[in-house]
Amino acid sequence: CKEKTVPIIVGPLTLSKLCKPCGDLSSRMLLIRLLPCYEQLLRELQQIGVQEVQFHEPWFVKSEAVDLNDVASLLYGKGSILTKSRSGISVNLCIHFDSLHVDVYKYIITLDVERI
């Protein structure tokens, strides 16, 4: 039996919301600047044989998540850099501890991830 490691990574949405941007940098601009870093991380993980990752995105249970459909699609929608079709790694989206608002649920289930 060969064991596999599944890295657990704080998702870019949650990281951008938890950081305090410097100057006039908004959390959305920070998020956009973080994407190449996540792309590089996935590329390096794929090169060492990682086949699956978990992105933890507890921010999706916040009330403001109702307005984040476009951000969710940017991050995890078809063809985005955080999907298997682009990275070669299966992506699981982990949303913590709370119920999703029905409108958030509607867009979350359309994302191009292996598991929610």
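This is a short chat about a predicted model of a protein chain and one of its residues, E57.

Visitor: How many helices and strands are there in the protein chain?
Guide: The protein chain has five helices and three strands, and read from the N terminus on, these elements follow the order β-α-α-β-α-α-β-α.

Visitor: Why does the radius of gyration agree with a compact globule?
Guide: A compact globule of 116 residues would have a radius of gyration near 13 Å, and the protein chain has 14 Å, which agrees. Along the principal axes, its C-alpha atoms fill a box of roughly 45 × 35 × 25 Å.

Visitor: Where does E57 lie?
Guide: E57 is in the loop that runs between β2 (52-56) and α3 (69-76).

Visitor: And is that residue buried or exposed?
Guide: E57 is buried, yet it has no salt bridge, and the nearest side chain of opposite charge, that of K17, is 10 Å away.

Visitor: What does the side chain reach, then?
Guide: The E57 side chain reaches the backbone nitrogen of L13, at 3.2 Å.

Visitor: Which residues does E57 touch?
Guide: Leaving aside residues up to four places away in sequence, E57 touches G11, P12, L13 and T14, together with L75 and Y76, and also L93, C94 and I95.

Visitor: Back to the whole chain: what share of the residues is buried?
Guide: Buried residues make up 41% of the 116 residues, while the accessible surface comes to about 7,100 Å², with 53% of that belonging to carbon and sulfur atoms.

Visitor: And what about contacts between residues 24 or more positions apart?
Guide: Such pairs account for 69% of the contacts in the protein chain that have a separation of 6 or more.

Conventions:
Residues numbered from 1 in each chain as written. Predicted model: local features only at pLDDT ≥ 70, side-chain atom pairs only at ≥ 80, totals over all residues. Heavy atoms only, no water. Helix = DSSP H or I, 4+ residues; strand = E, 2+ residues; numbered from the N terminus. Buried < 20%, exposed > 50% of the residue type's maximum accessible area, 1.4 Å probe, protein only. Lys, Arg positive; Asp, Glu negative; His and termini not counted. Salt bridge = Lys/Arg side-chain N within 4 Å of Asp/Glu carboxyl O. Polar contact = N/O pair within 3.5 Å; in protein donor to acceptor, adjacent residues only side chain to side chain. Contact = heavy atoms within 4.5 Å. Rg over C-alpha atoms; globule rule 2.2 N^0.38 Å. Areas by Shrake-Rupley, 256 points an atom, 1.4 Å probe, with all protein chains shown as cover.
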